[in-house]
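User: I'd like to learn how to read packing features in a model like this one. Can you walk me through a few?

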Amino acid sequence: MGDDVQTLPYGSWPSPIDAALAAAHDGHPEWVGFVGDEAWWTEPRPTEGGRRTLVRRRTDGSEESVLPAPWNVRSRVIEYGGRPWAGTMGAGDRPLVVFVNFADQRLYRYEPGGDPRPLTPVSPVGGGLRWADPVLRLDLGEVWCVLEEFTGDGPTDVRRVLAAVPLDGSAAQDRDAVRELTDARHRFVTGPRISPDGRHVAWLGWDHPRMPWDGTELVLASVADDGALREPRTVAGGPEESIAQVDWARDGALLYASDRTGWWNLYRDGEPVCPREEEFGGPLWKLGQRWFAPLESGLIAVVHGRGATALGVLDPETGEVVDAAGPWTEFASTLAVHGERVVGVGASPRSAHEVVELDTRTGRARVIGAGHDDSVDPAYYPEPQIRTFTGPDGREIHAHVYPPHHPGCVAPGDELPPYVVWAHGGPTSRAPLVLDLSIAYFTSRGIGVAEVNYGGSTGHGREYRNRLREQWGVVDVEDCAAVALALADEGTADRDRLAIRGGSAGGWTAAASLTATDVYACGTIVYPILDLAGWGEGETHDFESQYLETLVGPLAEVPARYAERSPTEHADRITAPFLLLQGLDDVICPPAQCERFLARMEGRRVPHAYIAFEGEGHGFRRAETMIRALESELSLYAQVFVLNPPGIPTLELDK
């Protein structure tokens with residue numbers, strides 16, 4: 001920009017990426033599928049209370065939101081949810097869709113032009129009846145899906161089975177009209193996958209204390225003429241083998257993704273079809289996630305990669321994978337196929353998540369929905385660097401580094417920028433390399449961001465994932481600190497202006513980092529875990545209620561370890577200012593954790609702010625919440641790092 005370039009201190013650069021813009025672009029399309037020839041998917045609406053709507057792309061290319069507010073297409077099964085809808089062409093070639101409505105968690109039947117009709121009853125017990133991962137069985141007049149049923153008021157008073165719900169509405173007021181397909185032999189199950197001839201069904205199951213990325217079982221059963229399941233038996237998987245997904249090839253072969261070699265690879269009737277040191281699966285946080293989908297031709301659409309994911313087509317005969325050409329460098333774990341068409345959700349560091357269609361006959365890929373719109377000049381977008389750092393004991397640490405970037409501003413030559421280390425949630429997850437306007441919100445103002453895929457993250461094989469076993473609060477904290485200090489040592493970041501932030505498990509890492517290290521000048525802690533013993537003794541939901549048995553160790557055997565690592569137990573060690581953000585409806589990391597932590601901070605005279613949001617759960621979804629959270633976070637950094645970002649409300653810090 002030549003003479004127009006201004007020299008301004010880091011953190012004071014004017015940016016067109018404000019908090020409202022970042023909030024409006026939060027979330028992404030999900031749960032793609034076909035209804036006849038049409039592609040459908042769910043899409044977030046942050047400005048409509050954070051609801052998820054169902055979007056339909058007609059064959060003429062036009063799009064419409066199928067369900068108006070307040071309908072919210074989202075399941076709460078295992079709290080993180082699962083696939084909330086299924087559709088097909090019904091009578092008169094009209095779409096027939098079933099979906100889960102978030103407010104009451106009932107399953108509804110919907111045909112465009114009419115009103116949604118409930119198919120399942122409301123339960124007065126505990127968390128009620130919940131449904132996920134539906135499969136339509138028009139031949140039986142049913143929809144088969146996962147039923148999560150609370151048997152009491154406690155978070156672990158719950159059972160899960162496969163169930164068949166009548167499509168005629170006869171179960172809308174009658175729980176007994178729901179036909180259970182399985183017993184509760186497993187604590188957790190995924191939705192049914194029915195063989196092409198309809199004679200067999202497969203699903204995944206697992207039990208406490210394992211999480212699905214630790215070990216799952218692939219169960220196979222035959223289907224009787226009356227639709228009953230007979231002789232269920234385990235055919236693959238086990239305590240130390242994670243099967244992430246199962247499906248059927250068009251010729252009736254059983255396909256699944258297993259990490260028995262240390263990498264989630266594809267198998268066909270038990271035989272590997274593409275053995276590689278990369279992932280063709282991932283952590284099953286939501287029921288119905290899909291990393292592969294068989295095509296009619298016998299080829300298999302796959303989402304695969306190492307540290308990132310691509311959309312490709314696998315030939316199981318040769319093991320060859322041909323990736324779709326295009327700008328996308330990351331694909332989400334959702335796929336749908338129809339004929340030779342594949343639909344997925346892709347993104348890149350220059351574009352947000354979009355619905356992408358691949359024609360496998362021509363190899364052409366194109367955006368068909370939720371197309372990325374450059375609402376500001378993309379010159380303001382961050383320019384990430386893929387880095388590998390060296391941590392304790394010489395171990396590799398993978399990270400994405402986003403230096404401050406502005407087309408019209410530079411900092412004085414003798415100034416180093418402040419940096420914020422971002423710790424992702426999970427912790428068995430990873431930070432994808434995609435455009436995130438929340439990151440751009442900071443980098444365009446002159447604040448660097450480093451996303452750390454610390455040991456325990458996914459995308460790099462089971463050995464890397466297992467680094468966090470009994471080491472949570474140690475390896476993640478050490479890896480984040482190693483990246484922060486390396487950036488300072490190499491002259492990329494200002495050693496005195498380092499911060500850490502994270503949400504959920506990342507909130508834990510942020511808080512634990514403030515108690516265990518002196519690396520950071522401040523931190524932002526978002527809907528965190530802060531008290532391990534409390535969380536492990538019933539303060540969270542059933543799905544993760546025994547997660548700490550692996551991450552920390554058996555509570556009954558190592559109670560001192562739970563106390564030693566918990567930020568709540570060591571609040572006296574915190575000297576750095578912090579911001580604590582919490583949803584009051586959060587049942588995964590409940591507000592009680594924050595309240596106990598703050599009680600321990602009383603009288604310590606450490607500058608801090610606590611903002612609790614009504615109507616928000618685990619993961620903020622409302623635009624107004626996200627705006628206030630981002631602006632408050634920036635104000636914290638401005639006060640601690642002595643920055644001057646224009647137009648940002650001042651966050652009042654208590655002492």
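This is a predicted model: local features need pLDDT of at least 70, side-chain atom pairs count only at pLDDT 80 or more; totals for chains, interfaces and linings use all residues.

Analyst: Let's begin with burial: under 20% relative accessible area counts as buried. C145 comes in at 1%, so C145 is buried. C274 is at 3%, so C274 is buried too.

User: How many disulfides does the model have?

Analyst: The count is zero disulfides.

User: Which residues have the most contacts inside the largest nonpolar core?

Analyst: The general idea is that in soluble globular proteins, nonpolar side chains tend to be buried together. Here the largest core holds 95 residues, and W472, Y520, F578 and F597 have the most contacts inside it. Helix 4 (residues 475-489) gives the most to this core, with eight residues. There's also a second, separate core of 42 residues, with L579, M626, L643 and I648 among them.

User: What does Y520 touch?

Analyst: Leaving aside residues up to four places away in sequence, the contacts of Y520 include V421, C480, A484, L514 and A576.

User: How do I read ring geometry?

Analyst: Check the angle between planes: under 30 degrees is stacked, over 60 is edge-to-face. There are 24 aromatic pairs. For Y256 and Y267, the centres are 5.7 Å apart and the planes sit at 15°, so that pair is stacked. Both Y256 and Y267 are buried. W285 and Y547 are edge-to-face, at 6.1 Å centre to centre with 65° between planes. W285 and Y547 each lie in a loop, and the pair ties together parts 262 residues apart in sequence.

User: Where does the charged end of R465 sit?

Analyst: Over the ring of W264, 4.1 Å from its centre. Likewise, R83 lies over the face of W85, at 4.8 Å from the ring centre.

Conventions:
Residues are numbered from 1 along each chain as its sequence is written. Side-chain values use heavy atoms; hydrogens and water are left out. A nonpolar core is a set of buried Ala, Val, Leu, Ile, Met, Phe, Trp, Tyr and Cys residues joined through side-chain atoms within 4.5 Å. Buried means under 20% relative accessible area, exposed over 50%, partly exposed in between (1.4 Å probe, protein chains only). Helices (H or I, at least four residues) and strands (E, at least two) are DSSP runs, numbered from the N terminus. Contact means heavy atoms within 4.5 Å. A disulfide is a pair of cysteine sulfur atoms within 2.5 Å. Rings of Phe, Tyr and Trp (its six-membered ring) pair if their centres lie within 6.5 Å; planes under 30 degrees apart count as stacked, over 60 as edge-to-face and the rest as tilted. A charge sits over a ring if NZ of Lys or CZ of Arg is within 6 Å of the ring centre and within 35 degrees of the ring normal.
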